[in-house]
Amino acid sequence: MTAPSDSASAETPAVRCRSLGVSFGAVQALRDVSLDLVPGRIHALVGQNGAGKTTLAKVLGGLQAPNTGEVHVGGRKIPPGDVRAAQIAGLSMVHQHFSLPPSFTVAEALELAAARKDGRSFFRRTELQRKWQNEVAELGGPTILSTRIRDLHVETRQSLEIVRALAGDARILLLDEPTALLTPAATDQLFERLLRLRDNGVTILIVLHKLREVAAVAETVSVLRDGELVLGPSEMAEVSEGQLSDAIVGPASGADRTVGMAPAAEAAQETLLELAGVSTRESAFELGLNEINLRVESQEIVGIAGVEGNGQRGLVSAIAGLTPIADGSMRLGGVDATRAGPARRRLRGLRLVPFDRNTEGISRSAPLWLNQSALRLVGRHPRRFPLISLRQYKRQAAEAMDVWRVRYDTVAQPAESLSGGNVQRLILSRELAPGVEVLVAAQPTRGLDFSATNFVRRSLRELRDGGAGVLLVSSDLDELFELSDRLLVMYGGRIVARFEAPYDRRTVGDAMTGALR
Amino acid sequence: MEQILATTLRSAAPLVLVATAGVFAFRAGIFHLGLEGLMITGAFTTVAVGDATGSVELGILAAVGVNLVLSALYWWVIGPLGANVIIAGLGLTSIGLGGTAFALGAIFDKRGSIFTDVVLPRPVRGITSGAGVIVSELSILVWITPLIVLTAWVVLRRSRFGLRLAAVGEYPFAARSVGVNPSIVRLQALLIAGALCALGGAELSVGALRNFTENMTNGRGFIAFVAVIFGAWHPIGAALAGLFFGFADAIGIQSQINITERVPREFVLMIPFVITIFAVWLGGLWRRRSLEAEAGYAELREPDY
Amino acid sequence: MTGSLQRVASTVVLVVVSLLLTALILWASGYPVGDVFSGIIQGAVTATGASTSTIRWAIPLLLIGLGVVVGFRAGFFNIGGQGQFYIGACCALAVSLGWREGPAPLVILCGTLAAIGAGTAWSLLPGYLRVRFGTDEVLTTLMMSFIGALVLQYLTAGPMRNPSGTGQTAASERIPDSFRITDSSGVSATVLVLVGGVAVLVWLLLERTRFGLSMTLVGRNPTMARWQGIDVRRVGLAAFALSGALAGLAGAVELYGPGARLVTGFSPEVGFTAVVVALVGLLTVGGTVVAAILFGGLQSAILFLPIVTDLPPPALVLLHGMVAFLVTIKFKAVWRRTGPEAKAAAG
């Protein structure tokens, strides 16, 4: 264990990369990125979605071969895209997505990850558990090693990911957005653990999203924008928050920032969506809903806040009619819809922007026009002539997409050829077409860049002002504060708190973590 | 009763061997419908080479060799070349069935079947009464099949290789993130599966019988595949399922002898297929439950590797 | 549109490669490849009655292949066409033999409907298990296929056996000649109109109805379809039913057309070949018509070949296997080689 060093600048950098470039087809994910990381410190890497943070982390970790440039770890050059070599050089990565196979026991998962060569090819289970017991305890991981990964809590999994990453005696730790799924309390715990590791001489590069978190843990910060390194690594003390956010967003779009609430309209309101005491059965991977009461009226946006995995998915899917309502009732536009199927709810004006736009919102391989016209296929029309005109379908789809400014070449191209923002525009062009009464928007801006995010938020506001009701489910508090007329907080499958503007971040946060009871 | 037991062992051995092959493929994430084809090439090559050289060992060695080559080709087509696993697997089965029947005509100038003098050694000898007759006819492969299953269990469940294999099948990203190349691991799994299919085929042609007949596997590769699902992808489970199907087969043979007057033969022959449908259904129910538990992960899965 | 052109080109290349590989095997086994190929041309096109024979063999391949296309469209592998075909033929036979004295058009109609119903039932069972319980349909359709073959074997060897029949394989009694819609060549105007009409109807259904479009969406992304309010189960069941109905219809056409009686294990490869046909036809109706004629020609040729050379018929199975083995290769995967995968989104 080396002590943390003050004269760090003289040492060989823990990680050094030179003029890295990565392109995916026409998209340049990284261009000419050069970076030196001083050993024994916590470095933050920030940037918008799509700025290239994960790509950079993957290149450094050897999971992604760069098109140009090279990576050195601890002074040694790493062959491009060689995970093993990077691990042997002492670098290990904690992924944004969990990387442990769900059916494995803790001990098995750690054994899989260990890059050491001393292990024998065969093992006994008890022996394996003994071997890893100490290591896990030392690093504060879960203590029962015969538990299967899928049975662990999110926080435990996260800490296990770190144990896994350090299992091969890693001296350099890359963490790719580790806080995305954590509660504020768990995030604090994670940061404490990182600081301890730093004190033990581990160099840490952490990819973060939120400036608050950067300020809480990082010693230096680097900013990526559009695949370029635009700032850093700079000492945290030397950059102001304003400088940072300008670097992240870029100079041009600064003027476009809109904060603050639009005043709620005062016109006569009718209840468009009403859930009364709705409960659903718990499934193996989703919390059941517990006595949900909520109302969405015309001309209002109701926000649903909560840490992910507290029943938001179940709520949206129950409203959509994909999860049966076990108890309680639901009304759509004043008519009972508790037992109505998805198609009937759609026909009554329910529109959905699902959580995962690439798997639930579009069919990636189907042509644009078919994706756009999907809602026209719903329901039976026995009276109508059975044959349809594709030309008409395509023309109308093209018109709708033009109105929503989807950028495309032909209506026949597959939807996967669109960028994230354009996919969301495509979905909005379908769901917000005339006929919408209530829109349930789940994480509508996740993963979108700044301008696309603004576009979506503006669209939701316009929809509300046009008289529709919106239920907005989001894990981005800033977004909820900006858009919601009312805010409900979900925790453990219940609605635990209701707020009216102006919102207090602290109280809402407490409700989200269950601290407010 | 003893007779049924002995017949069960004989019917089950090839099934268990091929089911073990299927477990390796399945654990690596490959829906291997080429088992039937590999099984029959194994059966044919053993007879052809065994007959030519007069040595059953050489025959089996050649069968393993041929199957390794075919498995490597299968891997190449579904892996690097991106072909559909199911269609290419069925194609492999057709190549096996058609190729062996064609070769039977081309090499031996015969249609239907050929007899052979080579036969696997039979360790238990000299019993001439009752069920012992069948026991003494069990080949060495039947006796070492439990050993093979046990080895498969150790390799799959108690070795680092097994961990890598399971990680590749369940969650390729996990494998990649620790520096394991999923494609290579899949190749290894397919090669092991190919070799085991060769043994299963050999048992069929020179263990239980002394001939090679066109289409002699008669769907056994598919039934072995079902045993894998029925056995929850576990080597022991699959072996037990294989035994069960062997038992059903044995009953079928028995009842053919005893009650063929009253129940048409075809209905007896249908039993394994009907059971199989039930098995796939039940196996699917079981798997779905475990899959649901993992769906939270599946959403986070990277597209494909 | 360059995308679909590319797919056609790559499929043609892969079929040719399969032919060449099979030719290589024949050559290595000492068969005169030149003779075999000229024999194939003769047997499929030029010899007397060859083109009729090609059409005769193309018809079941086309009907079952269309069923496979429908299944694939909705995302299902119905590989049990063989059994659905057999069971359809059996039911048509049962109706025809049971009502020998009936008026021919009515008997044919009833028999055909029975065949369609039986084929539907045969594929609806796996279909129901699939949409209701998620039971893998590849295995269940395959098992149903084996069972169908045994039912045929039972009927032809048992209750419907022609007692005066000689020959090694069991065969059923013949249906009255008045029930037949073709002569023994298996091709007549009636059959051509019927099959052509079915192909057009299937095309209209798949490409020009809202139901066909929903089927496409379900096949490509059932999750998205469900979020859109499409009843995924209903669409899936309908696809299975239609798929089986087409195979059952093929059985009726076989009986009332060239067959006139059923023989144990007749046309044993037609189910699997139809899958290959659908794939070579790029899972489109038009492509399947072309591919069915191509493979019908090969089938016709293999029956003709013994006249020119002593090639064993299983060579055809080998060829079909070769095509299936290779035909789904994605050329993109070959061309892409190394380099970052476009799918792993930039972070």
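The model is a predicted one.

Start with strand 7 of chain A, residues 172-176. Five of its five residues are buried, and the strand is mostly covered. In a regular strand the side chains alternate between the two faces of the sheet. Here both faces are covered. Ile172(A), Leu174(A) and Asp176(A) lie on one side, and Leu173(A) and Leu175(A) lie on the other. Each of these residues is buried.

Now look at the partners of this strand. Strands of a sheet pair through backbone hydrogen bonds, either parallel or antiparallel. Strand 6 of chain A, residues 91-94, pairs with strand 7 of chain A in the parallel sense, over four bridges. Within this pair, Val94(A) stands opposite Leu175(A). Strand 8 of chain A, residues 203-208, also pairs with strand 7 of chain A in the parallel sense, over five bridges. There Leu173(A) stands opposite Ile204(A).

Helix 3 of chain A comes next. It spans residues 106-113. Eight of its eight residues are buried, so the helix is largely enclosed by the rest of the structure. The buried residues include two glutamates, Glu108(A) and Glu111(A). Among the others are Val106(A), Leu110(A) and Leu112(A).

Further along chain A there is an open sheet of four strands. Their order is 12-11-14-15, and the pairing is antiparallel. Strand 12 (292-297) and strand 15 (335-336) stand at the edges. Each has a single partner strand, so one side of each is left without a neighbour in the sheet. Strand 14 of chain A, residues 327-332, pairs with strand 15 of chain A over two bridges, in the antiparallel sense. Leu332(A) stands opposite Val335(A) of strand 15.

Finally, turn to chain B and a pair of helices. Two packed helices are described by the angle between their axes and the distance between the axes. Helix 7 of chain B covers residues 160-170, and helix 9 of chain B covers residues 182-208. They pack at an angle of about 110 degrees, with their axes 10 Å apart. An angle of 65 to 115 degrees counts as roughly perpendicular, and helix 7 and helix 9 of chain B are therefore roughly perpendicular to each other. The crossing is left-handed. Helix 7 contributes Arg164(B), Leu165(B) and Val168(B) to the contact. Helix 9 contributes Pro182(B), Val185(B), Arg186(B) and Ala189(B). By class, this contact has five nonpolar residues, two charged ones and no polar ones.

Notes:
Residues numbered from 1 in each chain as written. Chains lettered and ligands numbered in written order. Predicted model: local features only at pLDDT ≥ 70, side-chain atom pairs only at ≥ 80, totals over all residues. Axes fitted to C-alpha atoms, helices over the stretch in contact; angles between N-to-C directions. Parallel < 35°, antiparallel > 145°, perpendicular 65-115°, else oblique. Left-handed = near helix turned anticlockwise from the far one by under 90°. Contact = placed C-beta atoms within 7 Å. Nonpolar A, V, L, I, M, F, W, Y, C, P; charged D, E, K, R; others polar. Pairing = 2+ DSSP bridges. Buried ≥ 20, exposed ≤ 12 C-beta atoms within 10 Å, placed from the backbone.
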